[in-house]
Amino acid sequence: MARTSTRSMAFSTPSIVLPLVGVAFWLWIKNRHSNRHYPPGPPSWPFIGNLLRLPGQHPWLRLTEWKETYGQTVYLHGLGGTTILFLNNVNLAVQLFEKRPTIYSERPRFTVAGDLLGLDKLMPLRMHDHGWKLQRKLARSAMSLDAVKRYHPLLEEVATMLSESLRVDPETFTHHIRLALSRVILSVTYGIPVATSDNEFVVLVEEAMKVISKATNPGAYLADLFPILKQPHALLFRNDIQRNRRIVQDSLNKPFDHVKKQIVDGSAPPSLVQQLLADEGDKEFASRQEYENTVKWLAGSLYLAGVETVNALVLTTLLAMAMNPDKQARAQEEIDAVVGIHRLPTLGDKGSLPYMEAVIKEAMRWYPSVPLSLGRRTSQDDVYEGHFIPAGTNVFPNIWFVSTVFMPERFLDENPPVDPTNYAFGFGRRICPGKQLAEHSVFIVIASILAAFRISPETDSSGKPIPYDARFSSGLISAPEDFRCKFRPRSEERGAQVRARAAAVSYVA
Ligand code: HEM
């Protein structure tokens, strides 16, 4: 009964729909008669704007097409005063996000994810407030290049375990890769070792990630476009919201409380949380409580942001290698020449394998894992090159570039294109704090796999390779879909090296 009345309250009463229509109409009239010069964009329908011209799936493809017509910026607006600016040029993102940080460092508002699921303190979604600054400050020291060097032995061991799993059971390679990346982040943040993917913390965080990716998919909920629908949404989906809120809270609290308990009984292994909790915190924190809360949200942010993204880049690189056997062979020749054929690569080899590093850069350029980066929200009106950008506009850089040709050589050219590591991780104050860890993880995973295995497409019944059509998922993070390939040891000696190195691993779960 109660539910029925809630439903009718939410959607059938004119008390909600009419004000919305009124606001939209007023905004349309206001913008129509304003002589402000907005950035260019596709033609607008009266009243509902032009936002609906952008497809919900793989919007970066349409945006890239629009570059021809509208140039470097595409401005869209919709019902209820929603305004979105897409930047089809990396330099423009630098100009706005890096040179005007006071205007461009907020995040878009997610009514459902932020307000209703309680994720508004998660660093990637958090506004540019005091709490965000405290989290970033801790992240700066905990995720610096020097800090990441301390994790080198862990990264190498995890990459070795991954290679051994690929040798023994190559079919389920996507599962092994995901498990390896969960191992890295759970160990780095909480010192929690993971034997299998049914580990309670892995399961918990995977569930939380599903909730978060759905809730941050732009346009997934009407309440995100019309915050006025927040209460009706909360009432209508009360059970779902409570359940998802609990999942999210558990994913933050349980691993954190686990480390706190270990600290008390003296069994906590070194980790980011253990080290930060051993510190006093400094005077910027109002209380120990505020400090501990900041550590908890930081740790959760790193975990929730750090698995899916790296997974997407590793899979994209492997797909590119399977599709381009000549590039794969060149990377392997380089590894054999520099590292030698009697050992497997280590992180000490990073810097000596320029072609292999160009392969990873080219994978980032060819199909970026976060094609529209994470948005920003203007905190005040701005004017850029004569174009008016209203306060509250959501601004997204489109870093997807048209090119079906996978060519790592372009980065070894005398005049290489802009290095994708300078934009794939974002810009300015909100640049990805996990960049160093991501780059080192991807390097050791890809170098270990390329040294040991030949990666090839699956074959049909007559033994012919099945060609790829390279499909990628849509959403905030984009990764190869339905990707299959074979991993075969390149030689008996390489297979034996993987086995021997795996036998010496000290990682115990
Ligand atoms: C290939 C892997 C990765 C890619 C491509 C990537 C990309 C990005 C991008 C584009 C942003 C938005 C930056 C901006 O707004 O300018 C971001 C933010 C973030 N990333 Fe990453 N990331 C990766 C790996 C990681 C890892 C491994 C971690 C954690 C260990 C991590 C943690 C975060 C966090 C916490 C934020 C939010 C920063 C803020 O809002 O202030 N990322 N990342």
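These entries record what I looked up in a predicted model.

**Entry 1**

I then located Cys 432 in the chain: the residue is in the loop that runs between β6 (394-397) and α19 (435-452).

**Entry 2: the sheet**

I noted an open sheet of four strands, in the order β1-β2-β6-β3, and the pairing is mixed. Which strands form the edges? I recorded β1 (73-77) and β3 (376-377), each of which pairs on one side only. I looked next at the pairing of β3 with β6 and found it antiparallel, over two bridges. Here I saw Arg 377 opposite Asn 394 of β6.

**Entry 3: helices on the sheet**

I then looked for helices against these strands. Helix α3 (residues 59-70) packs on the sheet and touches β1 and β2 (83-87). I noted an angle of about 110 degrees between the directions of α3 and β1. Helix α4 (residues 90-98) lies across β1, β2, β3 and β6, and I noted that α4 runs at about 125 degrees to β2.

**Entry 4: Arg 178**

Lastly I looked up Arg 178, which I found in helix α9 (residues 173-190). What does Arg 178 contact, leaving aside its neighbours within four places in sequence? I listed Glu 206, Met 209, Glu 308 and Asn 311. With Glu 206, I noted a polar contact of 3.1 Å between the two side chains.

Notes
Residues are numbered from 1 along each chain as its sequence is written. This is a predicted model: local features need pLDDT of at least 70, side-chain atom pairs count only at pLDDT 80 or more; totals for chains, interfaces and linings use all residues. Side-chain values use heavy atoms; hydrogens and water are left out. Two strands pair if DSSP finds at least two bridges between them. Contact means heavy atoms within 4.5 Å. Axes are lines fitted to C-alpha atoms, for helices over the stretch in contact, and angles run from 0 to 180 degrees between N-to-C directions. A polar contact is a pair of N or O atoms within 3.5 Å; within protein, one must be able to donate a hydrogen and the other to accept it, and residues adjacent in sequence count only if both atoms are side-chain atoms.
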